[in-house]
Amino acid sequence: QFETVSWQRLLDFMTDENVHLKNRISEILSDRFDTYLLEEVDGFQSSLVKEDHLIALLNNEITEIDALLVKTADEDSDKIKKSELKLKRLKRNMQNADKQFGKLKLQFHRFLSKNIV
């Protein structure tokens, strides 16, 4: 359960960062924006919305795993093994989501430094 608490904090951070990036897009669009960049900005906006959906899915998985861990604490070994498998899958999904979000932020910041003064 310690891991799930850490993952929840990571998702909270990702949510905050995602909001920040979307706010930055809003600022860009409202301030002397070059329309030739609109397609790229729209692509970033779409990616950030997809991140919102991914974060929501991962939050749901964490909630399910937490409930399952509490429930299987006194269960048989088969149920414990199933819980461990789900936990490993969630760990892999969290690592992938963190890596993917990091790449998206890096691409966005590079775009900003290259195109927005």
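## Secondary structure

Helices (H or I, at least four residues) and strands (E, at least two) are taken here as DSSP runs, numbered from the N terminus. On that basis the protein has three helices and zero strands, and its pattern along the sequence is α-α-α.

This is a predicted model, in which local features need pLDDT of at least 70, side-chain atom pairs count only at pLDDT 80 or more, and totals for chains, interfaces and linings use all residues. Residues are numbered from 1 along each chain as its sequence is written, and side-chain values use heavy atoms, with hydrogens and water left out.

## Overall dimensions

The radius of gyration, taken over C-alpha atoms, is 18 Å. A compact globule of 117 residues would have a value near 13 Å, by the rule of 2.2 Å times the number of residues to the power 0.38. Along the principal axes, the C-alpha atoms fill a box of roughly 65 × 20 × 15 Å.

Contact means heavy atoms within 4.5 Å. Among contacts between residues at least 6 apart in sequence, 83% join residues at least 24 apart.

## Surface and charge

The protein exposes about 8100 Å², of which carbon and sulfur atoms supply 52%; accessible areas come from the Shrake-Rupley method with a 1.4 Å probe, and for residues only the protein chains shown count as cover.

Lys and Arg count as positive and Asp and Glu as negative, while His and the chain ends are not counted. Each charge is placed at NZ of Lys, CZ of Arg, CG of Asp or CD of Glu. The mean positions of the 19 positive and 21 negative charges are 5 Å apart.

## Nonpolar core

A nonpolar core is a set of buried Ala, Val, Leu, Ile, Met, Phe, Trp, Tyr and Cys residues joined through side-chain atoms within 4.5 Å. The largest one has 24 residues, and those with the most contacts inside it are Leu 11, Leu 90, Met 94 and Phe 108. Helices H1 (2-30), H2 (38-72) and H3 (77-115) each supply at least two residues of this core, and H3 gives the most, with nine residues.

Leaving aside neighbours within four places in sequence, Leu 11 is in contact with Ile 55, Leu 58, Asn 59, Ile 62 and Met 94.

## Surroundings of Ile 25

Ile 25 lies in helix H1 and counts as buried because its relative accessibility is 2%. Not counting residues up to four places away in sequence, Ile 25 touches Val 41, Phe 44, Gln 45, Leu 48 and Phe 108. Ile 25 and Phe 108 are 83 residues apart along the chain, and their C-alpha atoms are separated by 9.7 Å.

Conventions:
Buried means under 20% relative accessible area, exposed over 50%, partly exposed in between (1.4 Å probe, protein chains only).
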